Amino acid sequence: MRKTLYLKFVLAYIIFGVFGFIVVATFVSSMTTEHLKREKADALYKEATLIANTYASDLYNNATTLDAVKSQMDALDTYLSATIWIINPSGRMILDSSQELNIENEVVIKEFDPTIAAGSYYTVGTFFDTFDEEMLSVFAPITSDFKVKGYVVIHASMKDIQDSSNSLLNISYITLCILFLLSLIILIFFTEIVYIPLRKITEATEQYAAGNMHYEFSVESEDEIGYLAASLSYMASEIARSEDNQKKFVANVSHDFRSPLTSIRGYLEAMLDGTIPPENHDKYLTIVLNETDRLTKLTNSLLTLNNLNTKGMLLNRTDFDINRVIRNTAATCEGTCRQKNIAIELILTGDSMHVNGDMEKIQQVLYNLLDNAIKFSHHNSVIKIETTEKGNKIFVSVKDSGIGIPKDDLKLIWDRFYKSDLSRGKDKKGTGLGLSITKEIIHSHGEHINVISTEGVGSEFIFSLAKSAFEDED
Ligand code: ADP
């Protein structure tokens, strides 16, 4: 592709040059000759009519002598560089400015026919074979008493006209050459502005196609090509980033699967080879069971994330009572709360509050937030779940007074597999996927989720939901 584009442009350039030359050599050449011929014919016709109306008609009316007219015609002959004839309608030569007067030697133009010009006032040719070369001959009739007495014919050499036409044509050729050279600038511009950037882009796409997504290139122009290059480069960097993310994701998943598997294997082997005595089996089997729980949780979270990513915005939206969902979720966590003596305080607006969204997914959001709040709360503390109505939005807040989140971690907690150092000791089962699932769900609803947290004081997660369009209090 690369070579042909440049070749095509050069070829077009050469074709432009050749066509230019052909046009000048044919059309321009014949147009110039035609124009000069007409101009000359016009000038000579004016002279011929003048002569016909003055000297020639005087001669026919015997108002002047042949000698006197001859000397006038000789002067005009030199001035016009042309031969002037006065001839009878029969073709008999009365006067020839190129010859001496000779009455004895009568010259008659054979087959002279004044209609030769066929409606025009001039003709080109050898004029009834009287010349050896091509001549431009102009006619003007000499009339007296409404009768044609004779003709004034002026002959100019076509060679002279051709010579001036050629010198004009030379100017055209020089102009054409200058234009051709100047248009080289277009070729240079094309190379600089289109061809070189395009070659860079093609090279880059080849590299990307070969899998080298980190290949860097730059096109420093602010036109469409520059924009194309920048978009391509951005696309490649995004693909590279998502590839890196994918690698990191797989590494994290493998790591999170491997550690429980290693510990399960370790305990089971120890039980089989007797390192762990049978009386302790119960204790270690419970640990193994916990580890399998963790694996199940991890698998479920991965499946949920995958579904969210592939289904994108596919939400099963309905109008539902968020208060009821909050109450149900709080109830399911009662058991875990009792273990740590944690109380859940519900501060809900109204008996029921209808919102629009995917109920199951919102329930999962609430569960994730409440589960985290319980995990990271101290014993004997209170967790508050509050709803607030603002305009057409409902804000749900889950607030604990637990360990809090360090300032530097606040942005990272939404990333997949992120677990803060602080939380590791408290929560061994955590996968680090809960909040990224939560964020995906809220974002796919077109809503927002935020966190306010102070290390050692507590955390508050707040998310928004759209109020149902039909508010029926049931
Ligand atoms: P996990 O399933 O491990 O809890 P999450 O994505 O839900 O993963 O949370 C990521 C991290 O965010 C947690 O490991 C913890 O460090 C921090 N975090 C989340 N919620 C709270 C909270 N209520 N209090 C303190 N830290 C929290």
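**Reading the model, feature by feature**

Modeller: Let's begin with L179, which lies in helix α3. Helices (H or I, at least four residues) and strands (E, at least two) are DSSP runs, numbered from the N terminus. The model is predicted, so local features need pLDDT of at least 70 and side-chain atom pairs count only at pLDDT 80 or more, while totals for chains, interfaces and linings use all residues. Residues are numbered from 1 along each chain as its sequence is written, and side-chain values use heavy atoms, with hydrogens and water left out.

Colleague: Is L179 buried, exposed or partly exposed, and how do I read that?

Modeller: Buried means under 20% relative accessible area, exposed over 50%, and partly exposed in between (1.4 Å probe, protein chains only). With a relative accessible area of 48%, L179 is partly exposed.

Colleague: What about the overall layout: which domains are assigned?

Modeller: Domain bounds come from an automatic or database assignment. In this protein the assignment gives domain 1 (4–180), domain 2 (224–309) and domain 3 (317–473). The C-alpha centres of domain 1 and domain 2 are 102 Å apart.

Colleague: There is a ligand in the model. Which residues come nearest to it?

Modeller: Near, for a residue, means that one of its heavy atoms lies within 4 Å. There are 21 residues around the ligand, and N372, K375, D400, S420 and L435 come nearest. For polar contacts, look for pairs of N or O atoms within 3.5 Å; within protein, one must be able to donate a hydrogen and the other to accept it, and residues adjacent in sequence count only if both atoms are side-chain atoms. In the side chain of N372, an N or O atom is 2.8 Å from an oxygen atom of the ligand. The backbone takes part too: a polar backbone atom of G434 is 3.4 Å from a ligand oxygen, and a backbone N or O atom of L435 is 2.7 Å from one. The protein covers 98% of the 540 Å² of accessible area that the ligand has on its own.

Colleague: And which residues are buried in the helix that holds L435?

Modeller: That is α11 (residues 434–444), where L435, S436, I437, T438, I441, I442 and S444 are buried. I441 has 1% relative accessibility. The C-alpha atoms of I441 and L315 are 9.1 Å apart, although the two residues are 126 apart in sequence.

Colleague: How many salt bridges does the search find?

Modeller: Count a salt bridge when a side-chain nitrogen of Lys or Arg is within 4 Å of a carboxyl oxygen of Asp or Glu. The whole structure has 13 of them. One joins K70 and D74, with the closest N and O atoms 2.9 Å apart.

Colleague: Where do K70 and D74 lie?

Modeller: Both are in helix α2, four residues apart, about one turn of the helix. An α-helix has 3.6 residues a turn, so residues three or four places apart point the same way. K70 is buried at 6% relative accessible area, whereas D74 is partly exposed at 28%.

Definitions and conventions: Accessible areas come from the Shrake-Rupley method with a 1.4 Å probe; for residues, only the protein chains shown count as cover.
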